[in-house]
Amino acid sequence: MARPVDALRIAQLDARQLDQELVSLVRNQIGRIFEYNQLSLLTKLDPEITALLKFVIWRFSVFATGASVGQQLLRLTYANARAKDKTNPWMSKKQKLLHGFILIIIPWLKERLNLTIDSLGLSTSKTKEKINKYLQWCEKSLKIAALINFALFLQSGCYSSLTERVLGIRSVHPQKQLIRQVSFDYLTREILWHGFSEFLFFLLPLVNFRRMKSILTYYLLPQPPPAQPSSPDSRTMAELTNCAICDLVPHNPHQIGCSHVFCYYCISSNFLADPRYVCPVCKKAVLNFTLISPVDLTEESS
């Protein structure tokens with residue numbers, strides 16, 4: 001008979017996580033079924049429903065095959081670490097029953113006890129205070145024991161949970177695993193794309209796209225001949241009612257020394273993005289920000 005092979009630590013932790021996710025997934029699906037029909041009976045029987053789900057999963061996984069659903073996905077199984085018969089190193093029936101008792105009955109008793117105390121109206125009595133005190137002490141003790149067990153698991157690689165250590169069962173591969181030819185092409189591609197995206201996130205804020213747009217527009221697109229230099233005194237009504245950049249009615253109109261009028265946001269944002277910005281119509285340069293001055297359209301129109 002093939003000798004079991006010890007499982008990797010990461011495989012044991014992944015199996016536990018998969019088992020927890022399975023219970024949560026099934027529980028959420030049941031919650032969605034009764035999402036719009038919240039019956040008081042279902043709320044009262046919530047511990048029993050959770051225990052029933054765990055029992056069904058345990059019955060057709062650990063009790064039937066000696067491995068949880070997460071272990072089966074990772075090709076693991078439970079072995080009896082205290083087995084005296086080397087020809088049968090697998091989990092015994094007694095260990096399976098105790099595993100189900102610890103996994104299902106004890107959490108159900110805890111939840112049912114809490115609900116029973118609340119339903120009896122003992123919220124302010126000394127009895128509940130004593131019971132809560134004992135429960136908190138037990139929970140803290142179990143958490144400390146679980147922490148110590150996890151530290152020992154990281155050192156030895158056996159007994160990933162306190163339940164496994166108490167029952168003397170450990171996760172193993174039922175037979176020697178074949179060497180897998182793992183391809184890291186996908187991982188390499190993801191790392192390269194991640195590095196490239198990080199580089200872009202660093203580089204893009206430093207690029208002046210307005211300046212690039214103006215340069216490409218000037219050299220690649222045909223430009224109309226520039227208008228003759230003009231002054232604000234020779235301004236026409238059409239120049240007062242249209243922004244030279246967006247060609248709309250100027251909002252908060254400003255000028256730069258030529259006859260054309262601009263929205264304040266249009267001229268200021270373009271100048272801040274490109275200090276060598278010029279008027280797109282007459283090519284009047286904006287030498288500094290102080291040349292951008294407001295225009296009173298009422299006086300100009302009169």
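## A tour of the predicted model

Begin with the open sheet of three strands that has the order 1-3-2 and antiparallel pairing, where two strands count as paired if DSSP finds at least two bridges between them, and where helices (H or I, at least four residues) and strands (E, at least two) are DSSP runs numbered from the N terminus. Its edge strands are strand 1 (5–6) and strand 2 (77–80), each of which pairs on one side only. Select strand 3 (residues 169–173) together with strand 1, and you will find the two running antiparallel and joined by two bridges; Val5 stands opposite His173 in strand 3.

Before going further, note that this is a predicted model, in which local features need pLDDT of at least 70 and side-chain atom pairs count only at pLDDT 80 or more, while totals for chains, interfaces and linings use all residues. Residues are numbered from 1 along each chain as its sequence is written, and side-chain values use heavy atoms, with hydrogens and water left out.

Colour the chain by pLDDT, the predictor's confidence in each residue, from 0 to 100. The chain averages 79, and 82% of the residues score at least 70. Where pLDDT is low, the predicted coordinates should not be read in detail.

Next, select Gln12, which belongs to helix 1. Gln12 is buried, with a relative accessible area of 2%, on a scale where buried means under 20%, exposed over 50% and partly exposed in between (1.4 Å probe, protein chains only). Its side chain reaches the backbone oxygen of Gly157 at 2.9 Å.

Now display the largest pocket, which holds about 1400 Å³ of space. On a 1 Å grid over the protein atoms alone, a pocket is an open set of points with protein on both sides within 12 Å along at least five of seven lines, a cavity is a set of points where a 1.4 Å probe fits but cannot get out, and lining residues have an atom within 4 Å of a point. Of the 40 residues that line the largest pocket, Arg16, Ile102, Leu103, Pro107 and Thr163 lie nearest its centre. Helix 6 gives the most to this lining, with nine residues, and the helices that each supply at least two include helix 1 (9–33), helix 7 (126–156) and helix 8 (162–167). By class, the lining has 21 nonpolar, eleven polar and eight charged residues; Ala, Val, Leu, Ile, Met, Phe, Trp, Tyr, Cys and Pro count as nonpolar, Asp, Glu, Lys and Arg as charged, and the others, Gly among them, as polar.

Select Pro47, Thr50, Ala51, Lys54, Ile104, Pro107, Trp108 and Glu111 to show its lining, to which helix 3 and helix 6 are the elements that give two or more residues.

Move on to helix 12 (residues 264–273), which is mostly covered, with seven of its ten residues buried; among them are Cys266, Ile267 and Phe271.

Finish at another open sheet of three strands, whose order is 5-4-6, with antiparallel pairing. Strand 5 (262–263) and strand 6 (293–294) stand at the edges, each with a single partner strand, so one side of each is left without a neighbour in the sheet. Strand 4 (residues 253–255) runs antiparallel to strand 6 and is joined to it by two bridges, with Ser293 in strand 6 as the bridge partner of Gln255.

Technical notes
Points joined across faces, edges and corners; volume = space filled by probe spheres on them. Polar contact = N/O pair within 3.5 Å; in protein donor to acceptor, adjacent residues only side chain to side chain.
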